[in-house]
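This report goes through a model with the sequence and the structure side by side.

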Amino acid sequence: MSHFQNDLRKRAEDLVALYPVKRSAMLPLLHLAQEQDGYLSEEGITEVAQLVGTSEAEVRGTAAFYDMFHLEPVGKYVVGICTNIACLLAGGEELLEHATKKLGCAVGGTSSDGLFTLEETECLADCDIAPVVQVNHRYVRTTTPDAFDAMIEEVRDGKRESEIPSHGTLIRVRRSSGLQAPREEIAAQRATAQAAREARAAKEQK
Amino acid sequence: MATFSAPKIVSSRKDFDDSHTLSRYLETGGYVALKKALGMFPEKVAAEVDAASLLGRGGAGFPAGRKWSMLRRSPISYLVVNGDESEPATFKDHYLVERDPHQLIEGVVIAAYALQVSQAFIFLRGEFALGLERVQQAVNDAYAHGALGSKIFGSDFSLDIVVHPGAGAYICGEETALIEALEGKRGFPRIKPPFFPAVTGLYGEPTVVNNVETMSNLPWIVNNGGAAFAALGEGRSTGTRLFALAGRVKNPGVYEVEMVKNTFRDLIYDPQFGGGLINDKKIKAFIPGGVSAPWFGPDLLDLALGQDEVAEKGSMLGSGSVVVLDEDSCVVRATWRITKFFSRESCGQCTPCREGSGWIERAMYRIEHGGGRLEDLDLLLDLCDNISPGLLWPPQQTTICVLGPSIPSSVNSAISMFRNEFIAHIEHGGCPHD
């Protein structure tokens, strides 16, 4: 019985098939597991381990290395506020402090309604609109406390759902097609191209 | 005086709201270069890139043409695009993947053709949710348009591109760490030698890893020729480059500027670019190439934006990010925050970096927040010296990768340029700006 529900199992298998080596699908699959559960559940980790053909310990150990993977449940919306250099110079620390009051939780904590988890992030590469705020890794571009509060209310009221899906959903665009040629055909093409190139190089040397 | 005569090579679609769509891309000359390239011998395409002297735009500034030629001895298996842009205050690749994904894809197909690779991966940092969606959509559209997949535009060349999301780790920008992440492991940089993935890369096979901006230059180079690209700029720094300007300026943003022909002063003060400092404050210092780079004072504002020009003065253009601190900015707080970043992002493999980064961060924290001691200044420099002996530039290395030796840059710069401010913090028992 698969833990991945609906089309997730099929999407997971398609992802594994994309790579020459199964384990390469690790990070995309962990994102899928988070899409289903909002965080990395035990069952999700077990399923990913089966899909990539490695142990659960390997999966957990890999996941723990990366900031975007949560091994404990988080809110439906993870609010990330950057305080790195460009944001620091633009009041990132002050905005983060404000957010703790607005959401009623500490940095790393979750609001009492379970909706928002607040994080202090490293640079999110959007430094011309600083301090940078992301909700579920979508840039919301609210640089002032008032704009931040208004954004939080909109999210709470469900007005931003099309733009900001629940935590864990990263890429909503599905890969529509892939290379149709079989790998052996590609290998033969490459060998032909390489031979032609070598022949040209030899001719040039003469 | 800033010069604006140079063409916009990678940011020509900046003013279009729909710059990310296939239709806009085709209307503005998209995929013409690819058709031209497919009519050339692959080694001729590579020769054009060689002639352009295109320096890699990721941070190290290694010539892209040479990176490719090292491989031509043995056929290369994989092309990997590094879009893990995480160097603090760098946001040019963010612009390119979100706003011009087809330009990136066209560049990747051209590079793959030159290298005769049939499998490419575009690794984007996971926090680029919109960028990931736009690049995946562009890949889908490129397949439908015949610019990707089997027998591209009716030629004998086939290529598949897989868009691969990262998951939040600065170190994955280091190319061997990126390969590890792409193999589904922790992003631990690999021990050198071999120095280049060209020798042993993805799955142990010869691999080329190039930056997003590097790839995005290729359509223009194929269209206009390597010589036309090399005619821009000066010396080793050819073409144009995207600079991400951030910090206390009126108009922070991504600006495409001809190499060497403009200065830091142009970038920061010209109304077309930064427009000067907020409230016309005085500039205190600026970081010329990401937080891994040593800082410059206002005396170096007239330095040209060129790789060698900046290196000569003891820093680097690095990732193309310029951060401006004004007269009211607290350099101690800025330095502490940078050391906190490195402490969080150290992968933990090498002792000098793992232990040093945390120790430095704690010493910086107590100076900024109260509890600092005068002897901390010597301690900080000693710790830095242990990570990068001699505190030289370019830095000496005691670690597997260059994350470690990047830590001393800001600490050493700040202490040597603003020692009095550190002492003021220590005597005041915390930050006098608070």
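A residue is called buried here if 20 or more other C-beta atoms lie within 10 Å of its own C-beta atom, exposed if 12 or fewer do, and partly exposed in between. The model is a predicted one, and the values below are computed from it.

In helix α4 of chain A, which covers residues 56-63, the buried residues include A:Val59, A:Thr62 and A:Ala63. Viewed down the axis of α4(A), the buried residues fall within an arc of 95°, so they line one face of the helix. What do the buried residues of α4(A) pack against? Their partners are α2 (26-37) and α3 (42-52) of chain A.

The domain assignment divides chain A into domain 1, residues 8-63, and domain 2, residues 77-156. The C-alpha centres of domain 1 and domain 2 of chain A lie 29 Å apart.

Between the chains, 53 residues of chain A are in contact with 61 residues of chain B. On the side of chain A that touches chain B, the elements that give two or more residues are α2, α5 (85-88) and α8 (183-205) of chain A, and α8(A) gives the most, with seven residues. By residue class, that side of chain A divides into 29 nonpolar, 13 polar and eleven charged residues.

The backbone also deserves a look. Most residues other than glycine have a negative phi, and most peptide bonds are trans. The table lists the departures from this in the two chains.

| Residue or bond | Feature | Value |
|---|---|---|
| A:Asn136 | positive phi | near 50° |
| A:Arg141 | positive phi | near 55° |
| B:Pro193 to B:Pro194 | cis peptide bond | omega near 0° |
| B:Trp393 to B:Pro394 | cis peptide bond | omega near -5° |

A:Asn136 lies in the loop between β3 (133-135) and β4 (138-139) of chain A, and A:Arg141 lies in the loop between β4 and α7 (145-156) of chain A. Is each of these residues buried or partly exposed? A:Asn136 counts as buried because 23 C-beta neighbours lie inside 10 Å, whereas A:Arg141, with 13 other C-beta atoms within 10 Å, is partly exposed.

In chain B, B:Pro194 is found in the loop between α8 (175-182) and β4 (207-211), while B:Pro394 is found in the loop between α16 (375-387) and α17 (403-417).

Methods:
Residues numbered from 1 in each chain as written. Chains lettered and ligands numbered in written order. Predicted model: local features only at pLDDT ≥ 70, side-chain atom pairs only at ≥ 80, totals over all residues. Helix = DSSP H or I, 4+ residues; strand = E, 2+ residues; numbered from the N terminus. Domains from an automatic or database assignment. Arc of directions from axis to C-beta. Contact = placed C-beta atoms within 7 Å. Nonpolar A, V, L, I, M, F, W, Y, C, P; charged D, E, K, R; others polar.
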